[in-house]
Amino acid sequence: MLMMAILTDSNINNTDVKGIFLNNSVWTLFANLSFHIRKIFLLCVILGFNAGGVLAQEKPITIAINATSFPYHSVNANNEPVGLMIDLWRLWAEKQQVDVEFVALAWNDTLAQVADGSIDIHAGLSVIEARKELFSFSEPIFSLYTHLYIHQSLTQVNNMSKLTPYAIGVVKGSAHISFLNKNFPQLEQKLYQSRHELYDAAINGEVLVFTGLERLAKDYQHYKTLNQLFPAYKRLQYQQGDYAIAVAKDNQQLLSFIEQGLTKISLEERKAIERKWLGIEKQKDALQIAVAPDFPPYMALTPTGKPQGLLIDIWRYWSEQTGNNIEFIIRDINDETKLTQSQDIDVIMAFPESEQTEVAGRFAEPIYESKAQIYINTSYANINNIHDLNKLPNNKVGLVARSTYKQEVFKAFPELNITLFKSAEEMLRAAETHEISAMISLVDLMNARLIQANLQSDFYPMDSPVFPVKLSPLLGEANEKLISMINEGFSGLDINQLVKIEKRWIKTGEKYYKKRAQKVSLTAEEKEFIKKNNSITLGIMNDFSPIEFINQQGEFEGINRDIINLISQRTGLTFKYKPYSSWHLLYQGLLNKEVDVLGSITKTDAREKQILFSDTYWQMPWVIIHSQHIGKKTAFSDFYGKQLAIIKGYYLVDKLREKYPLITFVIVESRNEGLLALQQEKVDGFIATIASATDLLKRESLVALMISVMGSVSVDENSFGINPEKPLLKSIFDKGILSISTQEQQEIYDKWFSLAINTGLDKKVVLQVGAQIGVLILLVLFVIVMWNRRLQREINHREQLEKIMKHMATHDELTGLANRVLLKDRLTKSIAFHQRQSLKIAVLFIDLDGFKNINDTHGHDVGDELLKIVAYRLLGCVRKSDTVVRFGGDEFILLLTGLHGANEAAYVAEKVLELIQKPFDLSKAKVNIGCSIGVAMFPEDGDNESDLLKIADTLMYKVKASGKNHYAFHSNQNEDNLT
């Protein structure tokens, strides 16, 4: 022991020892003797422990660790050993009552010094064949999952086969090298000395793919940047191996001692350590929700890795309403179930649950319902029966292997030739190449995937069979408290808000929340209200067709009557009607509590202080009816110096008087009074909604009149006005309105805006009379022919009039461009589509610089001429898929769709500036103008129509204030420097 102590004393260096021994042979003998004495000492320790106690240690057992093998073993900022294996070894040392010393080295040095016996134990590493020649390994500590980290820009890389063009970054000496060589020899490897050097290369763009373990090393100084560039959801798991402890080859005594200590560590203790280092990091007091990254429209990711989708928005709404913080964790759906079982996450957002779903865990109540159907290649038409699929030349039907309804399909249709696929992407590729003739998939999911792959016209769904599938939150264990919290939270969500969320993401087919809303589920208080109020008094206008009116039989008819009928059927409300001769009297009737409800009222700040408003149920633009000889008008400013009639009580009165002081507004009590004033030429025009104006122009006596749509006035959004003392009535009305489907609204529209021409003459009767009279038959036939010609001309005239009305409702009369009504519709639809496709939209708000001076100097005719040329030039700046809008006056809007970045919008803005600055050769002068442009981007600046227009408008005014004749993006755009 004395000799051993002398030989192992760290104060004696190699030079001193060589001075004692005179030649190399003696020195070699000494070195070997030193090594064997050291092994004898360790054996003594082991034997001493086995005899019932630990011999006194003159030196601790040394354990090699790598400074950068996080989270298994590494060193922190204070150069202290940290990691999963560090905690495990400290617990082991406590159980074995021995001291250990951690020696931090470069990776290759850890291998070399344990192999030659300089250090006793390797803290932990992957078990591979090449290492078995140098080391003896313990039993596996746990299974090791090795990952490839993929740069977020490689959006199409989702499997190993797509990595061929890229060099894979690997640390020298790591097990990844042999794994890749053996399993993926076609992949090029780029070697680095250390993990931090590899990380530096990844951040600098030298490699876009690199190997790693479960987590990136947090002690790396640019960890956050690296984590953003190489997010966890992009990882590819390519190898499962064993992770174990290693000692020098054939050192079985030490290995047995290690194994003995490991058996004393309980499963609970080991799990706690693993959860600490391998578990998902939690935000404080946040419910962790697992999100699968590629299941649109339910859940998916933006190009920057942000979660989005129907279920994402629903859970966010749940969080807002319940006050519970949530954190979305992006994981592959296969990993999700493992993570819930290990309690590393709290809940899977929504797992498909059908009758025979077999999955470990506990389901909460369903939060959404969908269905699976069979999609058939359009090459095979007229497949009406599932049994006909077997008659096709290629009768294979694709199904994703992990589909929860797989067993139901097998059980219901055992004769189908089912081919299983690992993923929906593989199945879709097989269908595209005709390897299979049909696919079975969730409808909403398949529709989204077909659109993404531009294959929506290549497949059609069979009407039956249908496999119902519920989407339910899945928990790892029966956590009754959490299940109850989730269920109660979802049961309390407002169905109206859920329908709005659903409408944003689901565009076709049946809608789950919409269908639920149509059932109109009333609360106990609402049911009691209906029971107590046997009849609700509805105030109506007796002559306001087609909105509402009293017909010749004294019955209430019109759009509002049809809407009220649907609300009555679905809520149980019963109505009685009280007619009024004027709008002003009707509104006063509501204020005086003479009636409970009135229809077709627009919400204003002043009115909101007096009454309650239901949700909007109808939209119509404002127009001016005037004589044809005046010609087409596009704005209220065209009526300067003239008189316009408007019905008393309309919310527009005060606004128009304030904005257009040069127009005289004549207040009339009713539509008939306003029309009479126009016919008698007491006024130059009559302000009405387009529905009312269309009805008036169908009257034969008004053929000399025409209408002009006023683009400078916002669209009239109709609601029901409700007695403020009856808030439950408002709640019931909102549910009734929500239950009305788009198809039902369209049917009402077609009913009241279609032509119904009564000829007053039955041709059969005329022919019978003609045959009997005989002598007059030729005369009667002549009359019939002439009558039919006149009738046909009348029908053609009215059909043409109806087309003109519909076009005028959505287009600017002067320039022919889209107006505000069409802009709102197209922008809303574009937002919904671009959310699913992860593309950008740009809204360019353009105001002409110098137009007012030209208008005032040369007159409105020259101004109109200039506006027409501007419209023509703007059309030349955009694609056919884009929309050019005259917003009003000298303001225009460009709606650019399908963009990939703000630089594309900037290119169009520069093009507009260049074309508008070119001279305009007008009839009376050659003029020059400029323009100011504000640019709003979706989704960065807003996710709805009003926010985008508001930001673009604000930016345009900022441009004007800062010198005009340029363009500007919002401050959060990376392309600000373009301005």
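## Cavities

A search of the whole structure, which is a predicted model, finds five cavities of 30 Å³ or more. The largest cavity has a volume of about 160 Å³, and its lining is made up of 16 residues, among which F544, S600, W622, Y650 and D716 lie nearest the centre. Two elements, strand 31 (597–601) and strand 39 (716–722), each give two or more residues to the lining of this largest cavity.

## Nonpolar cores

The largest nonpolar core holds 79 residues, and the members that touch the most others are L573, I625, F636, F686, I687, F720 and F733. Looking at one of these, I687 touches W622, V623, I624, F636, L644, A645, I646, L656 and F665, when residues up to four places away in sequence are not counted.

D849 lies in strand 40, which covers residues 840–849. Because the relative accessibility of D849 is 8%, this residue counts as buried, the cut-off for buried being under 20%.

Once its neighbours within four places in sequence are left aside, D849 is in contact with I929, G930, C931, S932, K960, K964 and N965. With K960, there is also a polar contact of 2.4 Å that joins the side chain of D849 to the side chain of K960.

Notes: Residues are numbered from 1 along each chain as its sequence is written. This is a predicted model: local features need pLDDT of at least 70, side-chain atom pairs count only at pLDDT 80 or more; totals for chains, interfaces and linings use all residues. Side-chain values use heavy atoms; hydrogens and water are left out. Helices (H or I, at least four residues) and strands (E, at least two) are DSSP runs, numbered from the N terminus. Buried means under 20% relative accessible area, exposed over 50%, partly exposed in between (1.4 Å probe, protein chains only). A polar contact is a pair of N or O atoms within 3.5 Å; within protein, one must be able to donate a hydrogen and the other to accept it, and residues adjacent in sequence count only if both atoms are side-chain atoms. Contact means heavy atoms within 4.5 Å. On a 1 Å grid over the protein atoms alone, a cavity is a set of points where a 1.4 Å probe fits but cannot get out, and a pocket is an open set with protein on both sides within 12 Å along at least five of seven lines; lining residues have an atom within 4 Å of a point. Grid points are joined across faces, edges and corners, and a volume is the space filled by probe spheres set on the points. A nonpolar core is a set of buried Ala, Val, Leu, Ile, Met, Phe, Trp, Tyr and Cys residues joined through side-chain atoms within 4.5 Å.
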